[in-house]
Amino acid sequence: MGGMSVRTQSPEPSDSSEPSGSSGSVHRAGFACFVGRPNAGKSTLTNALVGQKVAITSNRPQTTRHTVRGIVHRPDAQLILVDTPGLHKPRTLLGERLNDVVRTTWAEVDVIGFCLPADQKIGPGDRFIAKELAGIRKTPKVAIVTKTDLVDSKALAEQLIAIDQLGKELGFEWAEIVPVSATGGRQVDLLADLLVPLLPEGPTLYPEGDLTDEPEQVMVAELIREAALEGVRDELPHSIAVVVEEMLPRPDRPADRPLLDIHANVYIERPSQKGIIIGPKGKRLKDVGIKSRKQIEALLGTPVFLDLHVKVAKDWQRDPKQLRRLGF
Ligand SMILES: Nc1nc2c(ncn2[C@@H]2O[C@H](COP(=O)(O)OP(=O)(O)OP(=O)(O)O)[C@@H](O)[C@H]2O)c(=O)[nH]1
């Protein structure tokens, strides 16, 4: 098979508690980021590796706006995952900022994982990203074939060959080519095993038990935004932003019955979108509140009172002042 090496998990039960390789006591720590076009499965893979929901997933493209880090703690390593938005042709100021965030991230990490869905042929979007990757010479690049549960082995094999080919065309070798299924939990541990040796030696960078360094308010806002996006399908694709204005423990509560008050604003771009978000008799907004509150409570481990307001921030995606206020 030429120089192409594709990794699959060995059939014997993997012993992940045992540091692999001969350099048993070496500890590594560093950063990896997953790149790929929107919907390639980056957030889902981050969550699968970390073992908890830290990045926001949805079946709408371009939902990840923040550089969320997931942290994988292992006896032999700490792998910090930086989840970037999909690189894309900028149409708005927001789009341009997102692309800047992506490129800056790429230059700073120790290894880049290029995610390509198994069920889609390599397209112009993938090539665009791969060309950018080719320009980042010193960072090892791992090709990750995602969503392998959606294809048969023949289609998967063809995709692997196409990816190997793509690297050769652009003049670089992939450090590894790894097929995974994040939802099926297939080869996810193996991916971690392959990323770790590409990290520099060093002590842990984050305290044991931290799964992400994203501020809680941002995670809470993302959970609300995810719930708000659900069900609006094509009506409001990218027009929603959420800002958590305040998170405060309710005073005068007994210590064994705490309550966290969260006030958040859901921003839309036009008055006409208000009705869609709020729904008939406020039902949609209420559902968004219930759904996200449950997730926030699970995340923070405390009962929550969630107060949601819908506000219009006119054309916020095109307005630098609004973008800053909304945290971009
Ligand atoms: N069947 C299957 N679906 C998957 C898998 N991984 C992700 N998906 C689905 O693919 C869609 C996109 O996944 P995301 O993880 O949000 O993709 P992303 O690359 O982070 O997307 P952006 O944030 O828009 O860049 C979601 O509907 C996921 O449920 C997988 O291993 N198998």
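1. Two residues are taken to be in contact if their C-beta atoms, placed from the backbone, lie within 7 Å. By that criterion, and leaving aside its neighbours within four places in sequence, isoleucine 144 is in contact with Gly113, Phe114, Cys115, Val178, Val180 and Leu191.

2. The model is a predicted one, in which local features need pLDDT of at least 70 and side-chain atom pairs count only at pLDDT 80 or more, while totals for chains, interfaces and linings use all residues. Residues are numbered from 1 along each chain as its sequence is written.

3. The chain holds nine helices and nine strands, these being DSSP runs numbered from the N terminus (helices are H or I, at least four residues; strands are E, at least two). Of its 328 residues, 37% are buried, where buried stands for 20 or more other C-beta atoms within 10 Å of the residue's own, exposed for 12 or fewer, and partly exposed for what lies in between, with C-beta atoms placed from the backbone. Among contacts between residues at least 6 apart in sequence, 70% join residues at least 24 apart.

4. Three strands form an open sheet of mixed pairing, in the order β7-β8-β9, where strands pair if DSSP finds at least two bridges between them. Its edge strands, each pairing on one side only, are β7 (241-249) and β9 (304-312). Strand β8, residues 260-268, pairs with β9 in the parallel sense over nine bridges, and valine 266 has valine 310 of β9 as its bridge partner.

5. Helix α6 (residues 216-229) packs on the sheet, touching β7 and β8, and its direction makes about 130° with that of β7; axes are lines fitted to C-alpha atoms, for helices over the stretch in contact, and angles run from 0 to 180 degrees between N-to-C directions. Helix α8 (residues 283-300) lies across β8 and β9, running at about 135° to β9.

6. Glycine 202 sits in the loop between α5 (188-195) and α6, and counts as partly exposed because it has 13 C-beta neighbours inside 10 Å. Its C-alpha atom is separated by 5.0 Å from that of arginine 28, 174 residues apart along the chain.
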